[in-house]
Amino acid sequence: MNVLVLGAGQLARMMALAVKPLNINIRAFDVGSGNVVDPLSTNIIFGDLAQGIEFADFITAEFEHIDHQTLAICQASGKLRPSSQAIKVGGDRRLEKNLLIKCNVANAKHQIIETKADFDQALDNLSFPLILKSALAGYDGKGQWRLKDKSNADSIWLDIKAFFDGAEQGVKHAVVAEQMVPFDREVSLVGARDSQGNTLVYPLTENHHTQGVLSVSIATQIDETLQAQAKKVFDSIANELDYIGVLAIEFFQIGEQLLVNEIAPRVHNSGHWTQQGADTCQFENHLRAVCDLPLGSTELVRPSAMINILGEDEVPNAILNIASTTLHWYGKSKRVGRKMGHINVSGNSEQQLAARLMSLADILPEAAFDELKPYVAAYQNKVN
Ligand code: ATP
Ligand code: MG
């Protein structure tokens, strides 16, 4: 089976690594250069998309910010899974919010802003503090403004206006203003839906962000009621989109309630722990769904965690002395804050996982793994 992935980053790479044993060959379309490449070596295989489509039995995507022309061409081939519509929803917060409303899924109170009048209305209708997010092209906390109260509204509006005015030809920007949610924690649900409509989800994962970027995810056996609540949301969204593949949903948890933050129509950073911590990893399950193979079990094998390596191209080798620890590099060149790789670690119990996480936090340099130690210490306290 041959699959073309739109996007040639680490997610395409990890898909390729995961499904080689299934005899699925992955090629990746690099949207920047327009070449189809080998996702591991990044060597050019074809010089254009058309040959990549011809090569593929199925086409999928590793990210949602793909130009609509490319999506339309892939959709027309009849090979694209999930559909272009599902991918577009993940790439445009306006469509995303409308989907959440349609599915009757709880989310933060918000308003879409396209004009100064919308902006003024949002300040009147929503309670502070607010977070304003670019409807298009936002990721890793980019394209966001925060507003504590009305005092700096004028300067923020000028910023947003400049952003609107700077849009490329034919692009209509908007911003979604959202009330800040006083969440207890952030969790996400990664799951898969096949073409027959079967769904399987991994356990909810707790996510810790550092400066707007995911830094640590922890997956353990989770409270059944909360898991059921999240599964219900997953099913309603995935069914509404007639989704095929892995889909991730980010939530804010307040008490026992989950509010959807956003969805990602793809494999997700908060599901990287499944490479070592679940029966079938998210990358394999995504390709199983896309290629019409039966989904693999999403059961947690044992408590597991993932630590993102941001902006560093090396870590002390000594971390590999810690039992059940694996290191995954993405082969990217070093840039400040860039996702360069991740570390997965598992334990037979939460106590053992916490102890191993603490050993990692002791070895990893604090400057590059800011907040890791206090976060792990708090987790260790909670489970002991
Ligand atoms: P990523 O690509 O990492 O998922 P993103 O750019 O798509 O990020 P969001 O997930 O919407 O952006 O926001 C990034 C982070 O900012 C969230 O994980 C959360 O910590 C915080 N945040 C976003 N919206 C809210 C909100 N309404 N209330 C409180 N915190 C929020
Ligand atoms: Mg997010």
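**Metal site, cores and helix packing in the predicted model**

In this predicted model, the magnesium ion (ligand 2) has E250 (OE) and E262 (OE) as its protein donors, at 1.9 to 2.2 Å from the ion. The pair links distant parts of the chain, with E250 placed in strand β14 (residues 245-254) and E262 in strand β15 (residues 257-264), 12 residues apart. Both E250 and E262 are buried.

The chain is divided into three parts: domain 1 (2-80), domain 2 (109-179) and domain 3 (185-383). The C-alpha centres of domain 1 and domain 2 are separated by 33 Å.

The largest nonpolar core comprises 36 residues, of which I26, F283 and L287 touch the most other members. Elements giving two or more residues to this core are β1 (2-6), α1 (10-19), β2 (25-30), β10 (185-193), β13 (213-219), β14 and α10 (282-290). Helix α1 gives the most to the core, namely 7 residues. Because domain 1 (2-80) and domain 3 (185-383) both give residues to this core, the core lies between them. In general, nonpolar side chains in soluble globular proteins tend to be buried together. With residues up to four places away in sequence left out, L287 touches V3, M15, V19, I24 and I26. Another core, of 25 residues, lies apart from the largest one and has I237, A238, Y243 and I249 among its members.

A305 belongs to strand β16 (residues 304-310). Its relative accessibility is 0%, and A305 therefore counts as buried, the cut-off for a buried residue being under 20% relative accessible area. Residues touched by A305 are S217, I218, W273, I343, N344, V345, L353 and L357, again without counting residues up to four places away in sequence. Between A305 and A318, the separation is 13 residues in sequence and 18 Å in space, taken from C-alpha to C-alpha.

Helix packing was examined for α6 (residues 116-125) and α7 (residues 153-165), whose axes come within 11 Å and cross at roughly 145°. The crossing in which α6 passes α7 is right-handed. At the contact between these helices, K116, F119 and L123 in α6 meet A153, W157 and I160 in α7.

Definitions and conventions. Residues numbered from 1 in each chain as written. Chains lettered and ligands numbered in written order. Predicted model: local features only at pLDDT ≥ 70, side-chain atom pairs only at ≥ 80, totals over all residues. Heavy atoms only, no water. Donors = N, O, S within 2.8 Å, 3.2 Å for Na, K, Ca; no water. Helix = DSSP H or I, 4+ residues; strand = E, 2+ residues; numbered from the N terminus. Buried < 20%, exposed > 50% of the residue type's maximum accessible area, 1.4 Å probe, protein only. Core = buried A, V, L, I, M, F, W, Y, C linked by side-chain atoms within 4.5 Å. Domains from an automatic or database assignment. Contact = heavy atoms within 4.5 Å. Axes fitted to C-alpha atoms, helices over the stretch in contact; angles between N-to-C directions. Left-handed = near helix turned anticlockwise from the far one by under 90°.
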